[in-house]
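My notes follow in the order I looked things up.

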Amino acid sequence: MVMPGTERDGLLVQEKARTARLLEDLHQNGITYQSIADDLGVDRRTILRWVKSETHPTPQILTNDYLESRLQTLLEPASN
C-alpha cells in the first residue's frame, strides 16, 4: 500500500535531481549560471541552490523542459 503523498514526493525528488543534472550539463557545455538565471528571470544564487538541490524551481517540470531544450540545442550538430 502506498502512503498518501509518497508517490508525489518521489517524483519531486526525481525532478530536483533532473534539474541539478541539466544545470550541470549546461554549465559543462559553456552556458553560465548567470545566463540561465537571466533566461528564467531569477537570481544566479537561485540557480546555484537548484544545482545543490537545496531548493527547486516552481513549476519544476516546465523549467526542466526549458533546460533540456537548451541543452539539446547546444549538443545538436550545426545545420548547413
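I began with α2 and listed its buried residues, which are Y33, I36 and A37. I then checked where they sit around the axis: they cover an arc of only 100 degrees, so they lie on the same side of α2. I noted the general rule that an α-helix has 3.6 residues a turn, so residues three or four places apart point the same way. The model is a predicted one.

I looked next at L40, which also lies in helix α2. L40 counts as partly exposed because its relative accessibility is 26%, and buried requires under 20%. Leaving out residues up to four places away in sequence, I found L40 touching I47, W50, T63, Y66 and L67. After α2 comes G41, and I noted its positive phi, near 75 degrees.

I turned to the largest nonpolar core and counted 12 residues, among them Y33, I36, A37, I47 and L67. Helices α1, α2 (33-40), α3 (44-51) and α4 (60-75) each give two or more residues to this core.

Which residues does I47 touch, not counting those up to four places away in sequence? I listed L23, Y33, I36, A37, L40 and V42.

Last, I checked E15, which lies in helix α1 (residues 6-28). E15 counts as buried because its relative accessibility is 17%. I found a polar contact between the side chains of E15 and R18, at 3.2 Å.

Key:
Residues are numbered from 1 along each chain as its sequence is written. This is a predicted model: local features need pLDDT of at least 70, side-chain atom pairs count only at pLDDT 80 or more; totals for chains, interfaces and linings use all residues. Side-chain values use heavy atoms; hydrogens and water are left out. Helices (H or I, at least four residues) and strands (E, at least two) are DSSP runs, numbered from the N terminus. Buried means under 20% relative accessible area, exposed over 50%, partly exposed in between (1.4 Å probe, protein chains only). A polar contact is a pair of N or O atoms within 3.5 Å; within protein, one must be able to donate a hydrogen and the other to accept it, and residues adjacent in sequence count only if both atoms are side-chain atoms. A nonpolar core is a set of buried Ala, Val, Leu, Ile, Met, Phe, Trp, Tyr and Cys residues joined through side-chain atoms within 4.5 Å. Contact means heavy atoms within 4.5 Å. The arc is that of the directions from the helix axis to the C-beta atoms.
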